[in-house]
Amino acid sequence: HARNCDTLREVGAIEPLVAVLQEGFTSSAEHAACVLGHMAALSEQSQDAARAAGALPALAGLLAECASQPLAEQVAAAIVNMCCDNSRTCAAMLEAGCVEALICVLTADPSKAAAGEAAAALANMCYDNVNNQRAVVRAGGVEALVGVLRANPNSASAQKAA
(Lines give C-alpha, C1' and ligand atoms only; values in the text may rest on other atoms or scores of the structure.)
Protein backbone atom coordinates (compact mmCIF):
# COMPACT_ATOMS: atom_id res chain seq x y z
CA HIS A 1 0.00 0.00 0.00
CA ALA A 2 2.78 2.46 0.90
CA ARG A 3 4.61 1.49 -2.29
CA ASN A 4 1.49 2.35 -4.33
CA CYS A 5 1.32 5.76 -2.66
CA ASP A 6 5.00 6.35 -3.41
CA THR A 7 4.39 5.43 -7.04
CA LEU A 8 1.43 7.82 -7.26
CA ARG A 9 3.58 10.63 -5.85
CA GLU A 10 6.51 9.81 -8.13
CA VAL A 11 4.38 9.90 -11.28
CA GLY A 12 2.96 13.30 -10.35
CA ALA A 13 -0.53 12.40 -9.14
CA ILE A 14 -0.56 14.90 -6.28
CA GLU A 15 -0.84 18.04 -8.43
CA PRO A 16 -3.93 16.85 -10.33
CA LEU A 17 -5.54 15.74 -7.07
CA VAL A 18 -4.97 19.22 -5.61
CA ALA A 19 -6.42 20.73 -8.79
CA VAL A 20 -9.61 18.71 -8.20
CA LEU A 21 -9.78 20.08 -4.65
CA GLN A 22 -9.43 23.61 -6.00
CA GLU A 23 -12.50 23.14 -8.19
CA GLY A 24 -14.68 23.25 -5.07
CA PHE A 25 -17.41 21.15 -3.55
CA THR A 26 -17.91 18.06 -5.77
CA SER A 27 -17.95 14.31 -5.27
CA SER A 28 -14.62 14.26 -7.10
CA ALA A 29 -13.19 16.58 -4.44
CA GLU A 30 -14.28 14.11 -1.77
CA HIS A 31 -12.40 11.33 -3.55
CA ALA A 32 -9.33 13.52 -4.09
CA ALA A 33 -9.28 14.46 -0.39
CA CYS A 34 -9.56 10.79 0.53
CA VAL A 35 -6.67 9.78 -1.74
CA LEU A 36 -4.45 12.62 -0.53
CA GLY A 37 -5.29 11.72 3.07
CA HIS A 38 -4.33 8.08 2.53
CA MET A 39 -1.12 9.05 0.81
CA ALA A 40 -0.26 11.46 3.63
CA ALA A 41 -0.94 8.79 6.25
CA LEU A 42 1.68 6.55 4.71
CA SER A 43 4.47 8.93 3.79
CA GLU A 44 6.00 12.15 5.06
CA GLN A 45 7.24 12.68 1.51
CA SER A 46 3.62 12.67 0.33
CA GLN A 47 2.70 15.13 3.08
CA ASP A 48 5.47 17.46 1.94
CA ALA A 49 4.61 17.08 -1.75
CA ALA A 50 0.93 17.78 -1.10
CA ARG A 51 1.82 20.86 0.95
CA ALA A 52 4.13 22.11 -1.84
CA ALA A 53 1.36 21.55 -4.41
CA GLY A 54 -1.08 23.78 -2.49
CA ALA A 55 -3.21 21.12 -0.84
CA LEU A 56 -3.54 22.97 2.47
CA PRO A 57 -5.29 26.13 1.20
CA ALA A 58 -7.40 23.93 -1.09
CA LEU A 59 -8.51 21.73 1.82
CA ALA A 60 -9.18 24.78 4.02
CA GLY A 61 -11.25 26.33 1.23
CA LEU A 62 -13.32 23.18 0.86
CA LEU A 63 -13.99 23.10 4.60
CA ALA A 64 -15.13 26.71 4.55
CA GLU A 65 -17.49 25.86 1.68
CA CYS A 66 -18.92 22.63 3.07
CA ALA A 67 -18.50 22.66 6.86
CA SER A 68 -21.85 20.97 7.44
CA GLN A 69 -21.73 18.60 4.46
CA PRO A 70 -20.58 14.95 4.37
CA LEU A 71 -17.50 16.07 2.40
CA ALA A 72 -16.23 17.85 5.52
CA GLU A 73 -15.46 14.54 7.20
CA GLN A 74 -13.15 13.38 4.38
CA VAL A 75 -11.47 16.77 4.11
CA ALA A 76 -10.87 17.00 7.87
CA ALA A 77 -9.55 13.42 7.87
CA ALA A 78 -7.10 14.37 5.12
CA ILE A 79 -5.90 17.27 7.27
CA VAL A 80 -5.46 14.89 10.22
CA ASN A 81 -3.09 12.79 8.10
CA MET A 82 -1.37 15.75 6.44
CA CYS A 83 -0.13 17.09 9.76
CA CYS A 84 0.57 13.85 11.58
CA ASP A 85 4.18 13.98 12.82
CA ASN A 86 5.09 16.71 10.31
CA SER A 87 6.06 20.01 11.94
CA ARG A 88 6.55 21.75 8.56
CA THR A 89 3.00 20.98 7.49
CA CYS A 90 1.59 21.91 10.91
CA ALA A 91 3.26 25.32 10.68
CA ALA A 92 1.96 25.84 7.13
CA MET A 93 -1.60 25.03 8.15
CA LEU A 94 -1.89 28.24 10.10
CA GLU A 95 -1.07 30.32 7.01
CA ALA A 96 -3.42 28.21 4.86
CA GLY A 97 -6.45 29.05 7.01
CA CYS A 98 -6.94 25.55 8.35
CA VAL A 99 -7.53 26.65 11.96
CA GLU A 100 -10.56 28.78 11.15
CA ALA A 101 -11.93 26.23 8.68
CA LEU A 102 -11.65 23.37 11.19
CA ILE A 103 -13.31 25.43 13.90
CA CYS A 104 -16.12 26.15 11.45
CA VAL A 105 -16.63 22.39 11.11
CA LEU A 106 -16.68 22.01 14.90
CA THR A 107 -19.40 24.61 15.26
CA ALA A 108 -21.47 23.64 12.18
CA ASP A 109 -22.70 20.46 13.85
CA PRO A 110 -20.71 19.24 16.85
CA SER A 111 -22.51 15.89 16.86
CA LYS A 112 -21.39 14.83 13.35
CA ALA A 113 -18.38 12.63 12.60
CA ALA A 114 -16.77 15.54 10.75
CA ALA A 115 -16.48 17.39 14.06
CA GLY A 116 -14.51 14.49 15.53
CA GLU A 117 -12.14 14.56 12.54
CA ALA A 118 -11.80 18.34 12.84
CA ALA A 119 -10.99 17.96 16.55
CA ALA A 120 -8.33 15.37 15.72
CA ALA A 121 -6.85 17.65 13.05
CA LEU A 122 -6.62 20.53 15.52
CA ALA A 123 -4.95 18.21 18.03
CA ASN A 124 -2.34 17.17 15.44
CA MET A 125 -1.78 20.77 14.34
CA CYS A 126 -1.28 21.94 17.90
CA TYR A 127 1.00 19.15 19.05
CA ASP A 128 4.27 20.79 20.04
CA ASN A 129 3.36 23.97 18.10
CA VAL A 130 2.76 27.00 20.33
CA ASN A 131 1.81 29.28 17.42
CA ASN A 132 -0.99 26.94 16.36
CA GLN A 133 -2.11 26.50 19.97
CA ARG A 134 -2.41 30.28 20.37
CA ALA A 135 -4.23 30.60 17.05
CA VAL A 136 -6.79 27.98 18.06
CA VAL A 137 -7.43 29.78 21.35
CA ARG A 138 -7.76 33.18 19.61
CA ALA A 139 -10.15 31.77 17.00
CA GLY A 140 -12.53 30.32 19.62
CA GLY A 141 -11.36 26.75 19.24
CA VAL A 142 -11.46 25.91 22.94
CA GLU A 143 -15.13 26.79 23.16
CA ALA A 144 -15.84 24.87 19.95
CA LEU A 145 -14.01 21.80 21.27
CA VAL A 146 -16.00 21.96 24.49
CA GLY A 147 -19.15 22.00 22.35
CA VAL A 148 -18.01 18.85 20.56
CA LEU A 149 -17.26 17.16 23.89
CA ARG A 150 -20.72 18.02 25.14
CA ALA A 151 -22.33 16.71 21.96
CA ASN A 152 -20.13 13.57 21.85
CA PRO A 153 -18.98 12.73 25.37
CA ASN A 154 -17.64 9.32 24.22
CA SER A 155 -15.71 10.57 21.17
CA ALA A 156 -12.05 9.57 21.45
CA SER A 157 -11.02 12.22 18.89
CA ALA A 158 -12.75 15.02 20.77
CA GLN A 159 -11.34 13.88 24.11
CA LYS A 160 -7.82 13.72 22.68
CA ALA A 161 -8.11 17.20 21.16
CA ALA A 162 -9.40 18.69 24.40
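Entry 1, ground rules. I call a residue buried under 20% relative accessible area, exposed over 50%, and partly exposed in between, using a 1.4 Å probe and protein chains only. This is a predicted model, so I keep in mind that local features need pLDDT of at least 70 and side-chain atom pairs count only at pLDDT 80 or more, while totals for chains, interfaces and linings use all residues. Residues are numbered from 1 along each chain as its sequence is written, and side-chain values use heavy atoms, with hydrogens and water left out.

I looked for a side-chain nitrogen of Lys or Arg within 4 Å of a carboxyl oxygen of Asp or Glu. The structure has 4 salt bridges.

I began with D6 and R9, whose closest N and O atoms are 2.9 Å apart. They sit 3 residues apart in helix α1, about one helical turn; helices here are DSSP runs of H or I with at least four residues, strands are runs of E with at least two, and both are numbered from the N terminus. I noted D6 as partly exposed, at 24% relative accessibility, whereas R9 is buried at 16%.

Within it, D48 pairs with R51, and their closest N and O atoms are 2.9 Å apart. Both belong to helix α4 (residues 44-52), 3 residues from each other, or about one turn of the helix. I have D48 as buried, with a relative accessible area of 19%, and R51 as partly exposed, with 24%.

D48 also meets R88 in a salt bridge, at 2.8 Å from N to O. Because D48 lies in helix α4 and R88 in helix α7 (residues 87-96), this pair ties together parts that are 40 residues apart in sequence. R88 counts as partly exposed, at 40% relative accessibility.

I checked for disulfides, meaning pairs of cysteine sulfur atoms within 2.5 Å, and the count came to 0. For C84, the nearest cysteine sulfur is that of C83, 7.3 Å away. C84 is partly exposed, with a relative accessible area of 35%, and I noted C104 as partly exposed too, at 33%.

L8, V11 and V35 make a nonpolar surface patch of about 240 Å². Patch members have over 30% relative accessible area and no salt bridge; nonpolar side chains (Val, Leu, Ile, Met, Phe, Trp, Tyr) are joined within 5 Å, and like charges within 9 Å. The areas come from the Shrake-Rupley method with a 1.4 Å probe, and for residues only the protein chains shown count as cover. I placed V11 in the loop between α1 (2-10) and α2 (14-22); V11 is exposed, at 63% relative accessibility.

On a 1 Å grid over the protein atoms alone, a pocket is an open set of points where a 1.4 Å probe fits, with protein on both sides within 12 Å along at least five of seven lines; lining residues have an atom within 4 Å of a point. The largest pocket holds about 210 Å³ of space, and of its 12 lining residues, C83, D85, C90, N124 and Y127 are the closest to its centre. Helices α7 and α9 (113-126) each supply at least two residues of that lining.

Methods. Grid points are joined across faces, edges and corners, and a volume is the space filled by probe spheres set on the points.
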